[in-house]
Amino acid sequence: MINRVLIRLKLIQIVYAYYQNGDKTVKAAEKELLFSLSKAHDLYNYLLLLMIAVTDYAQERIDKAKSKLAPTREDLNPNLKFIQNKFIAQLSSNKMLQDYCENQKRSWTDDLNAVKDIYDKIVDSPLYKEYMESKDSSYQEDRELWRKLYKNFICQNETLDDSLEDISLYWNDDKEIVDTFIIKTIKKFKAEKGSDQPLLPEYKDDEDQEFAVRLLRQAIENEEYYRSLIGTHTKNWELDRIALMDIVLMQCALAEVLSFPNIPLSVTFNEYLDLAKLYSTHKSGGFINGTLDSIINQLKKEGKLMKN
């Protein structure tokens, strides 16, 4: 699940904090990076559980309506299609998700306001009404419903984002990326796999975890060299006048360029320029791009960099 886009995002946060705090060791920063990445995997599982929690809430609403002193005919004979959604039933029985719940002891029962808010938005939507009126009862329709509901009511949900931030500060910038993992997971579900349907693992392979640790160490341990390159190629700028975040972004980009020969320059440039849009000023992208381009050209002329 944890990909290199997420690793770079976390790396920038950890390296910036390393210089801001001033009392951390590289080993402590490494530990913090790995812990922060593990929290992103927690968020992935927690958002999968959110879809189940919304369905459970819908069931509770039906049960309460039936228990009223004077229930209506609709209360006593509700449309059960939403709560009997086949995709959600499969997700609820998923062995990997159940293992996560047993180990983490985390539940949406502690944040029912967020669940209720999402449920209310769903039942008021044309998507929900069309689904409930449809005569189709296929697994494909049920799975597709939740793909659409997730994109429309869980992605880009400020109320939910605030709730998640209250639970863990580590989740503050993770959700947008993790949302893409959830959509990918929904699309991959197959009815025939039942409770054995695999979820995304924390790391695709050991190589990505090694990438994270090595990149962090290279960025910090070679600070003096990278900053000397930056200082040489920022005309009319003293290094101490450049925003720390811009220095960190360039420092990490140079660490990746010089330490990972198999990663194309264009990939590294694009990733760190995207991070500059997220974490720095609107002018930083052009400044960082121009500085890095100048450094790369010099390194190529000196024969210290051979890749394109």
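Predicted model: local features only at pLDDT ≥ 70, side-chain atom pairs only at ≥ 80, totals over all residues.
**Exercise 1**

Task: Describe the largest pocket by its volume, its lining and the elements that build it.

Solution: 
- Step 1. Start with the space. The largest pocket holds about 490 Å³.
- Step 2. Turn to the lining. It has 19 residues. Nearest the centre lie Leu-9, Asp-173, Glu-176, Ile-177 and Leu-278.
- Step 3. Find the elements. Helix 1 (4–21), helix 9 (158–167), helix 10 (175–188) and helix 14 (265–279) each give two or more residues to this lining.
- Step 4. Sort the lining by class. There are 10 charged, 7 nonpolar and 2 polar residues.

**Exercise 2**

Task: Work out which helix gives the most to the lining of the second largest pocket, and which classes of residue line that pocket.

Solution: 
- Step 1. Take the volume. The second largest pocket has about 350 Å³.
- Step 2. Look at its lining. Of 14 lining residues, Ile-62, Glu-74, Pro-78, Asn-79 and Tyr-128 are closest to the centre.
- Step 3. List the helices that give two or more residues. They are helix 2 (26–66), helix 3 (73–76), helix 6 (112–123) and helix 7 (126–133).
- Step 4. Pick the main contributor. Helix 2 gives the most, with 4 residues.
- Step 5. Sort by class. The lining of the second largest pocket has 10 nonpolar, 3 charged and 1 polar residues.

**Exercise 3**

Task: Decide whether Ile-230 is buried or exposed, and list its contacts beyond four places in sequence.

Solution: 
- Step 1. Ile-230 sits in helix 12 (residues 223–232).
- Step 2. Apply the cut-off. Buried means under 20% relative accessible area. Ile-230 has 0% relative accessibility, so Ile-230 counts as buried.
- Step 3. List the contacts. Neighbours within four places in sequence are left aside. Ile-230 then touches Leu-239, Ile-242, Ile-247, Met-250, Gln-251, Leu-254, Thr-291 and Ile-295.
- Step 4. Ile-230 and Ile-288 are 58 residues apart in sequence. Their C-alpha atoms are 9.6 Å apart.

**Exercise 4**

Task: Find which residues have the most contacts inside the largest nonpolar core, then trace the contacts of Trp-146.

Solution: 
- Step 1. Count the core. The largest nonpolar core has 102 residues.
- Step 2. Name the residues with the most contacts inside it. They are Met-51, Phe-82, Trp-108 and Trp-146.
- Step 3. Find the main source. Helix 2 gives the most to this core, with 19 residues.
- Step 4. Trace Trp-146. Leaving aside neighbours within four places in sequence, Trp-146 is in contact with Met-51, Val-54, Thr-55, Phe-82, Asn-85, Phe-87, Ile-88, Ile-122 and Ile-186.

Notes:
Residues numbered from 1 in each chain as written. Heavy atoms only, no water. 1 Å grid on protein atoms, 1.4 Å probe; cavity = no way out; pocket = protein on both sides within 12 Å on 5 of 7 lines; lining within 4 Å. Points joined across faces, edges and corners; volume = space filled by probe spheres on them. Nonpolar A, V, L, I, M, F, W, Y, C, P; charged D, E, K, R; others polar. Buried < 20%, exposed > 50% of the residue type's maximum accessible area, 1.4 Å probe, protein only. Contact = heavy atoms within 4.5 Å. Core = buried A, V, L, I, M, F, W, Y, C linked by side-chain atoms within 4.5 Å.
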